[in-house]
Amino acid sequence: MAKIPGKIGNDFCPQSLFLYGNWKEDGTPNFGLFCWFSYAHVSDGEGEGLGVIACIGEDKLTKDLVRKTGVFSANLVSEKLLPLADYYGTTSGRETPDKMKLLPTVERGRVLPVPTIAESPVSFELKVLREHHLAEASDLFVCKVCNVMIEEKLRDQSVPFAERLRLAAPVIAPGESEYYTLNSRSLGKWGEPRKKLQEG
């Protein structure tokens, strides 16, 4: 198959969606939707292990809280969780003070002081090791994975990995403002899945 020049983008290198979580000063949880998330081997001076690279663009409440506390959770967005995640991703926490009126089942982190989401199949508890300013309104956080909570059925290695991945049902987001399943089924454009919250 021949290749031709294309626009610079990540349309065909999609990443899974995550809801980043932190506590606000008043003790209420805050969640924001992000997908520029990947993995790295890191050292925090005490040991080495799995780390996360999380890029947060624009100035937003989630980034403010990550900087202030130095910790956050990253909760994998499943198809079931997408309507709420889409709502969080299309609603500004700074402009909508009651954004968190719609909440998932919030649990406390087991290792770090972060809120996690019970409905998420995989939740990471992350400690920020370093922050790198990349460009205007673009900042990279290098983090250590301090704990991971995963649905029990996803740990059952007697079940083929492909089946466990299907059960986790992660949502991906290419660069074309639409959500997809891993097998390329559309789940709607940005701002559409949230409408199911009003229907339910």
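Guide: Leu182 lies in the loop between strand E12 (178-180) and strand E13 (186-189). This is a predicted model, in which local features need pLDDT of at least 70 and side-chain atom pairs count only at pLDDT 80 or more, while totals for chains, interfaces and linings use all residues. Residues are numbered from 1 along each chain as its sequence is written, and side-chain values use heavy atoms, with hydrogens and water left out.

Visitor: How are helices and strands assigned?

Guide: Helices (H or I, at least four residues) and strands (E, at least two) are DSSP runs, numbered from the N terminus.

Visitor: Is Leu182 buried or exposed, or in between?

Guide: Buried means under 20% relative accessible area, exposed over 50%, and partly exposed in between, with a 1.4 Å probe and protein chains only. Leu182 has a relative accessible area of 45% and is therefore partly exposed.

Visitor: How many salt bridges does a search of the whole structure find?

Guide: A salt bridge is a side-chain nitrogen of Lys or Arg within 4 Å of a carboxyl oxygen of Asp or Glu. The search finds 12 of them. In one, the side chains of Glu25 and Lys68 meet at 2.0 Å, N to O. Glu25 lies in the loop between strand E2 (18-23) and strand E3 (29-34), and Lys68 in helix H1 (residues 61-69), so this pair ties together parts that are 43 residues apart in sequence. Both Glu25 and Lys68 are exposed.

Visitor: What parts does the pair of Glu131 and Arg67 tie together?

Guide: Glu131 belongs to strand E9 (residues 122-135) and Arg67 to helix H1, so their pairing links parts that are 64 residues apart in sequence. The two side chains meet in a salt bridge of 2.7 Å, N to O. Glu131 is partly exposed at a relative accessible area of 36%, and Arg67 is partly exposed at 39%. Lys63, Arg67, Glu131 and Asp139 are linked in a network of salt bridges. Elsewhere, Glu151 and Lys153 form a salt bridge of 3.8 Å, N to O; Glu151 is partly exposed at 25% relative accessibility, as is Lys153 with a relative accessible area of 44%.

Visitor: How should I read a cavity, and which residues line the largest cavity?

Guide: On a 1 Å grid over the protein atoms alone, a cavity is a set of points where a 1.4 Å probe fits but cannot get out, and a pocket is an open set with protein on both sides within 12 Å along at least five of seven lines; lining residues have an atom within 4 Å of a point. Grid points are joined across faces, edges and corners, and a volume is the space filled by probe spheres set on the points. This structure holds one cavity of 30 Å³ or more, and about 40 Å³ of space lies in the largest cavity. Its lining consists of Lys24, Asn30, Leu61, Gly93, Thr96, Pro97, Lys99 and Met100.

Visitor: What classes do the lining residues of the largest cavity fall into?

Guide: Ala, Val, Leu, Ile, Met, Phe, Trp, Tyr, Cys and Pro count as nonpolar, Asp, Glu, Lys and Arg as charged, and the others, Gly among them, as polar. The lining of the largest cavity divides into three nonpolar, three polar and two charged residues.

Visitor: How much space lies in the largest pocket, and what lines it?

Guide: The largest pocket holds about 820 Å³ of space. Its lining has 31 residues, of which Leu33, Phe34, Glu58, Lys60 and Gly89 lie nearest its centre. The elements that give two or more residues to this lining are E3, strand E5 (48-57), H1 and helix H2 (82-89). E3 provides the largest share, four residues. By class, the lining has 14 nonpolar, 12 polar and five charged residues.

Visitor: Why is H2 described as largely enclosed by the rest of the structure?

Guide: H2 is so described because seven of its eight residues are buried. These are Leu82, Pro83, Leu84, Ala85, Asp86, Tyr87 and Tyr88.
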